[in-house]
Amino acid sequence: MFYILLDLCSPLKNLKQGNSRVEWPSELHPEFFLPNGNLSTDGNSVITYYSTHTWLPGGGDVYYYGLEATLDVYGFDLQHGQASAAAIWIVNRGDGHPSSLSAIQFGWHIFPWLYKDSHTHFYTAWMSGGTSGKGCMNMNCAGFHKTSSSIAPGHVISPVSRVNDQKSYITLRIFKANYSGDWHIHFGPSGDSEPVAYFPKSLIPGLIGNTVEISFGGYVAHKKPRLSPPMGSGYVAYNENAASFSSLKLIDRDGNDYPIDKDLPYTTDMKGCYNPSNIYSAQFFYGGPGCID
């Protein structure tokens with residue numbers, strides 16, 4: 001069962017403060033979210049909205065190569081042409097051109113186009129070489145190594161949270177192993193994640209020996225005439241029923257955890273439909289019911 005109380009964390013030193021806005025790499029839309037398969041054959045017709053915070057390299061002497069977070073998980077009755085998710089992203093932009101972008105993402109999502117259902121799924125995805133390169137979701141192509149016998153990408157998460165009722169939480173962890181350079185994924189009930197898979201460093205050469213951006217939060221995507229779907233719990237960040245990321249910890253190259261207690265730059269849609277809250281005591285809130293395009 002995925003039920004436990006939220007944990008809050010101790011302070012983190014020397015972390016960049018302020019809630020400045022970070023531009024999301026345009027080449028991540030929509031191909032990174034939908035590698036090897038879009039919501040439509042015309043990628044430009046897919047509309048996405050984000051509500052994330054981002055740690056950026058270069059703000060001090062310490063560099064981070066991973067994140068741990070606890071998320072409450074929700075379910076919605078979405079249609080083909082809609083998607084909603086909460087995730088962690090590891091990104092290196094290369095030289096700024098789409099052909100050099102490399103990234104990993106994983107978390108929970110509802111994606112009827114991919115699964116032919118509206119259940120909430122644990123998922124992973126990777127991209128090497130931006131829009132003109134390679135990418136894959138879950139176990140749909142070779143290269144990604146599953147290490148768990150009980151959990152795999154695509155796994156249905158059940159039960160999910162119910163507003164004004166029992167909450168369901170998962171803990172996600174990703175880090176770069178210093179001894180191998182591989183990227184390891186942990187997943188499980190809140191506070192009890194276990195190793196489930198890893199991305200070999202050879203799978204995504206653009207992440208080898210390079211610093212990364214670490215983003216975390218929610219996103220939604222839709223193709224007209226479908227409406228913009230709910231994000232998180234379907235409530236805005238400052239509502240008491242809003243979805244959350246908590247127990248946020250950055251992870252350095254040696255595997256040490258650093259709880260986040262200071263705000264980080266954010267990315268959101270310009271319309272303000274899904275604005276995230278500030279980070280406070282290693283926790284923030286995000287989401288919303290939808291957006292009028």
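**Strands, rings and sulfur links**

Lys146 stands opposite Ala197 in β10. The model behind this is a predicted one, where local features need pLDDT of at least 70 and side-chain atom pairs count only at pLDDT 80 or more, while totals for chains, interfaces and linings use all residues. Residues are numbered from 1 along each chain as its sequence is written, and side-chain values use heavy atoms, with hydrogens and water left out.

Strand β7 (residues 145–146) runs antiparallel to strand β10 (residues 194–199), with 2 bridges. Strand β9 (residues 183–189) also pairs with β10 in the antiparallel sense, over 5 bridges. Ala197 turns up again in this second pairing, with Ile185 opposite. Between β9 and β10 there are 4 residues, making a hairpin, and Gly191 in the turn has a positive phi of about 75°.

Next come the rings. Rings of Phe, Tyr and Trp (its six-membered ring) pair if their centres lie within 6.5 Å; planes under 30 degrees apart count as stacked, over 60 as edge-to-face and the rest as tilted. That rule gives 12 aromatic pairs. One of them is a tilted pair of Trp89 and Tyr219, at 5.9 Å centre to centre and 55° between the planes. This pair ties together distant parts of the chain, with Trp89 in strand β3 (residues 82–92) and Tyr219 in strand β11 (residues 213–223), 130 residues apart. Trp89 has a relative accessible area of 0%, and Tyr219 has 2%, so both count as buried (under 20% relative accessible area, with exposed over 50% and partly exposed in between; 1.4 Å probe, protein chains only). Elsewhere, Phe216, Phe245, Phe284 and Tyr286 make up one aromatic cluster.

Finally, the sulfur links. A disulfide is a covalent bond between the sulfur atoms of two cysteines; here, the pair counts when those atoms lie within 2.5 Å. The structure holds 2 disulfides. In one, the sulfur atoms of Cys136 and Cys141 are 2.1 Å apart; Cys136 is buried at 1%, whereas Cys141 is partly exposed at 28% relative accessibility. In the other, Cys273 and Cys291 have their sulfur atoms 1.9 Å apart, and the link is right-handed, with 50° about the S-S bond. Cys273 lies in the loop between β14 (266–268) and β15 (284–286), and Cys291 in the segment after β15, 18 residues apart.

Technical notes: Two strands pair if DSSP finds at least two bridges between them.
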